[in-house]
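Subject: Handover of a structure

Dear colleague,

Please find below the structure that I am passing on to you.

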Amino acid sequence: QLQSPFQTKFMNGSDFGRSDAFEASPAPGQVKAILQHPWVCEYRSALQPWASDFAYPAAFSKPSGDQLAGRITTNLAHFKGNYAVLFMIFLLYAVVMNPFLLLSIVVLTGGWMFEASLHDRPIHIMGKDLRGYERKLALGVITALTFLFSSAGSTMFWAVGITTFAVLAHASFHAAVIQNDHRKDLEDGDLETDSRFQQNLRPGSS
């Protein structure tokens, strides 16, 4: 049976049709490596209980002028994991509300995952062998242009802005946190009026 040149190349595994070009993507391993990155582990370990600490109603009060700076400094360090989660939630919401950006992210992620699965092997397209660096360059240009026309910058700016507002508001009105039965700042009388909140913040509480 006669085969076209494209069928011949596809079947003999010499270029784009090579079966090993479709090896399992290394994406799961990359995701695991990201989750095990020291920076990510640091913020994951910094997550505080949401109900009994971060959003505990009795912990919120209007700060005095002397308390404000101490509260912000203390709470930014104590709740940095929770604030990082808030940023991801706001960013996800902003992306979902921009369908073109969401579709672009899905398509580009698939393109980069496919490129990673090729392991820099050349592929044959329209009579030309495309090497790994050429494909990466083309994908990089396409990614930059797509994000430019999909308002990715304004989406990120909105997420950063709303997160900054929410974080500063929470850090200002949330009483400075007690750890190991010792205050982390010098706010006199800030938490002493609520023993239940102090108990919830002791090590081992949930």
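The model is predicted, so local features need pLDDT of at least 70 and side-chain atom pairs count only at pLDDT 80 or more, while totals for chains, interfaces and linings use all residues. Residues are numbered from 1 along each chain as its sequence is written, and side-chain values use heavy atoms, with hydrogens and water left out.

Salt bridges

A salt bridge is a side-chain nitrogen of Lys or Arg within 4 Å of a carboxyl oxygen of Asp or Glu. The count under this rule is two. In one of them, Arg-135 meets Glu-115 at 2.5 Å, N to O. Arg-135 belongs to helix 8 (residues 132-149) and Glu-115 to helix 7 (residues 99-117), so this contact ties together parts that are 20 residues apart in sequence. Helices are DSSP runs of H or I with at least four residues, numbered from the N terminus.

Lys-136 also forms a salt bridge with Glu-115, at 3.2 Å, N to O. Here, too, helix 8 is linked with helix 7, the two residues being 21 residues apart. Through shared partners, Glu-115, Arg-135 and Lys-136 join into one network.

As for accessibility, buried means under 20% relative accessible area, exposed over 50%, and partly exposed in between (1.4 Å probe, protein chains only). Glu-115 is buried at 4% and Arg-135 is buried at 8%, whereas Lys-136 is partly exposed at 34%.

Helix 5

Helix 5 (residues 65-78) has 14 residues and spans 21 Å from its first C-alpha to its last, close to the expected 20 Å. The expected span is 1.5 Å times one less than the number of residues. Among the residues of helix 5, Gln-67, Arg-71, Thr-74, Asn-75 and His-78 are buried.

Aromatic pairs

Rings of Phe, Tyr and Trp (its six-membered ring) pair if their centres lie within 6.5 Å; planes under 30 degrees apart count as stacked, over 60 as edge-to-face and the rest as tilted. The structure holds six such pairs. One of them is Phe-54 with Phe-79: the centres are 5.4 Å apart and the planes at 80°, so the pair is edge-to-face. Phe-54 lies in helix 4 (residues 50-54) and Phe-79 in the loop between helix 5 and helix 6 (80-96), 25 residues apart. Phe-54 is buried at 8%, and Phe-79 is buried at 0%. Trp-50, Phe-54, Phe-79 and Tyr-83 form one aromatic cluster.

Yours sincerely
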